[in-house]
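Biologist: Please put the model on the screen so that we can go through it together.

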Amino acid sequence: MAHPVEHHAADHGAHHHEEPGWVRKYLFSTDHKIIAMQYMFTGMALALVGGFFAYVFRMQMAFPGMEVPFYGLVTPNHYNVLITNHGAIMIFWVAMPVLIAAFGNFLIPLMIGCDDMVFPKLNRLSYQIFLLSVVVLIASFFVTGGAFAGAWTMYPPLSTKAEYGLAPLGATLFVVAVALEFVAFLMGGINFVTTAMNSRAPGMRMYDIPIVVWMIVVASILFMASVGPLIAGAIMMLFDQNLGTAFFNPDKGGDPILWQHLFWFFGHPEVYVVLLPAVGIVAEIITVMSRKKMFAYRTVLYTTFGTGVLSFMVWAHHQFIAGIDPRMANIFTITTLLISIPIAEMMFVFIATLYGGSITLNTPMLWALSFIATFLIGGVTGIFLGASGADIYFHDTYFVLAHFHYTFFPIAIIGTFAGLTFWFP
Amino acid sequence: MFHLIERFLPSASTYSGDIDFVFSLVFWIVGLWFIATEGVFLWLILRFRKQTGMKAQYITGELESEKKWVHWPHMAVLVFDVIILIAAVRVWYDVKQNLPPAQETVRVVAQQWAWSFVHPGPDGQLDTPDDIKTVDELHVKVDTLYHFKLESRDVLHSFSVPVFRLKQDVIPGRVITGWFQATKTGSFDIQCAEICGIGHALMPGRIVVATAPEHTAWMASQSPISVASLGSPRATQE
């Protein structure tokens, strides 16, 4: 379907300029396919870092107090640093660049039939800021006081007060890295939405847009609409850490719960930001490999929009027992259980697409089918947690961890490999 | 069938059985859905695998007669959602929203990285000279309705008593009140459930549930500790 060796920009550039050198072609390119690969390779490299962290702390749990091969002794502080950065890296620096940025950049212009993104230089800047955020994150491991160790959710006051978190510089750099990363994806999102809405090939109507492009566009809109509060929160946190303000500091009248609201108002749509592109990839593969039309394309589209809208109304289910007004939990239980409907509908549609098909079980198809089989586990375990009564006990336990990994592993790893094996040569 | 968690962890409060019930209800509902969905999924993959002489059918899924195959299942999901919702909210209301009148009140103070507990002395009132203060060990009477008042001195912690199925975050700057009523005697775990710094893993506590005479005997054995020494709980422990 797509060939990364195609050069759309070559025809108008070739006459006036000589072939650009390696550095300009691969490092400072404005070509969407090169930028996609930059995002892909950076994301994959960081997946190895995040995976190594997981290996270290799981080994520590399997053999407590013993030296972990290739790492050494895991102190309590190291343990917290490792889980914190494993979480942050896997979500912000692996799932997002690979699923949204890499596949979005690669697929959108090719699938809707235009030369490049609408704002190619913004696209390049987006990757460069993303790279800067990676550098800042890695730098945070080598500063005095060590890396940030207050969990990827960065709940204050642990993250804001040096005497509690014990890593003042590490915490600041961590927040800066996260904020920079959001700025990068904000630029990417502007490009994805603008390109898909304005640069489609003549004759391609809204209902003709491939489902994966639609899903990336909806994901970008979700991201752009939800990230504002978090960037604001990150800046407030930086002020709290370094300038002595007290947005989240209860000693001086601030409220630590405010951060949780800002974080999860972004954090829950974020789940769908990475879920939707993966679902889109899987949808494309299943339709192609079972030689079928997508079952009820419009229904899928509407459920995608429905999921997007609902995803903004569920954030406080992360905070049922965090000290919010208990009456509020009832509303968020309703919305949380409601969101099972569009997601279940999507899964049913994929399964229905298989009906009457002629299914080729090649590598991308196996990845895509395993996505559905595994994601269902993540989906059904979510019901336990969304039900507020059961969540009193399950909050902050390994049940949450397992649920979360059963959703994110299919999304970030299985979805990515499905797409990679399907589109890349 | 509706006490699945109890196989692994004793149930020792008046509402722990209700919470187990919600879990078990959800377990059976989504468990059956899960098996049915995966079953249909695997069957379709096998049934419609590529075979010579078999062509794929043209199905858009836009016709009502076709759409019903995903429409009805999702209406069924909605019905089950409502069932789960009613069960969950009822338990939530009992445990978190409703605050039955207290027979005794204890204060729970969390800090990096210890729990300190203030028990009312023989007079049954907090903030009187006969208060009993302990570190990392909470003593309560069985079958008595307790209110707990949660306070934090520094960062977020979470007061978790797994056998009661009770969990509540502790927030600096606020006093959060909740309730429990133990139904079994014994000594059970308390664990901080919110990451709170280097010592987070080393922040366990115990809750000792005793009969009323045993509890009175325990109270008699304790001399009220002065408020000043509470400032350094580690020191009093060692």
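**Reading the model**

Modeller: The place of W113(B) is in the loop between β1 (104–111) and β2 (114–119) of chain B; helices (H or I, at least four residues) and strands (E, at least two) are DSSP runs, numbered from the N terminus. This is a predicted model, in which local features need pLDDT of at least 70, side-chain atom pairs count only at pLDDT 80 or more, and totals for chains, interfaces and linings use all residues. Residues are numbered from 1 along each chain as its sequence is written, while chains are lettered from A and ligands numbered from 1 in the order in which they are written.

Biologist: What is omega for the peptide bond from Q112(B) to W113(B)?

Modeller: Most peptide bonds are trans. The bond from Q112(B) to W113(B) is cis, and its omega is near -5°.

Biologist: Which residues of chain A does a cis peptide bond join?

Modeller: The second residue of the pair lies in the loop between α5 (120–139) and α6 (162–165) of chain A. Omega is about 0° for this cis bond, which joins P156(A) and P157(A).

Biologist: Is A296(A) buried or exposed?

Modeller: A296(A) sits in the loop between α9 (256–289) and α10 (297–310) of chain A. Its phi is near 55°, a positive value in a residue other than glycine, and most residues other than glycine have a negative phi. A residue is buried if 20 or more other C-beta atoms, placed from the backbone, lie within 10 Å of its own, exposed if 12 or fewer, and partly exposed in between. Because A296(A) has 25 C-beta neighbours inside 10 Å, it counts as buried.

Biologist: What is the phi of D396(A)?

Modeller: D396(A) is found in the loop between α14 (388–394) and α15 (398–423) of chain A. D396(A) has 20 other C-beta atoms within 10 Å, so it is buried. Although D396(A) is not a glycine, its phi is positive, at about 60°.

Biologist: What radius of gyration does chain A have?

Modeller: Chain A holds 15 helices and zero strands, and buried residues make up 57% of its 425 residues. The radius is taken over C-alpha atoms, and the globule rule is 2.2 Å times the number of residues to the power 0.38. For 425 residues a compact globule would have a radius near 22 Å, so chain A agrees with the rule at 22 Å.

Biologist: Which residue of β10(B) stands opposite I190(B)?

Modeller: Two strands pair if DSSP finds at least two bridges between them. Strand β9 (residues 186–192) of chain B pairs with β6 (residues 157–161) of chain B in the antiparallel sense over two bridges. Six bridges join β9(B) to β10 (residues 204–210) of chain B, also antiparallel. In β10(B), the residue opposite I190(B) is G205(B).

Biologist: Which element supplies the largest share of the side of chain B that touches chain A?

Modeller: Two residues are in contact if their C-beta atoms, placed from the backbone, lie within 7 Å. The contact takes 64 residues from chain B and 63 residues from chain A. On the chain B side, α1 (16–47), α2 (64–97) and β7 (166–170) each supply at least two residues. The largest share, 18 residues, comes from α2(B).

Biologist: Over which residues of chain B does pLDDT stay under 50?

Modeller: pLDDT is the predictor's confidence in each residue, from 0 to 100. Chain B averages 88, and 94% of its residues score at least 70. The stretch with pLDDT under 50 has 12 contacts beyond four places in sequence, and it covers residues 226–238 of chain B.
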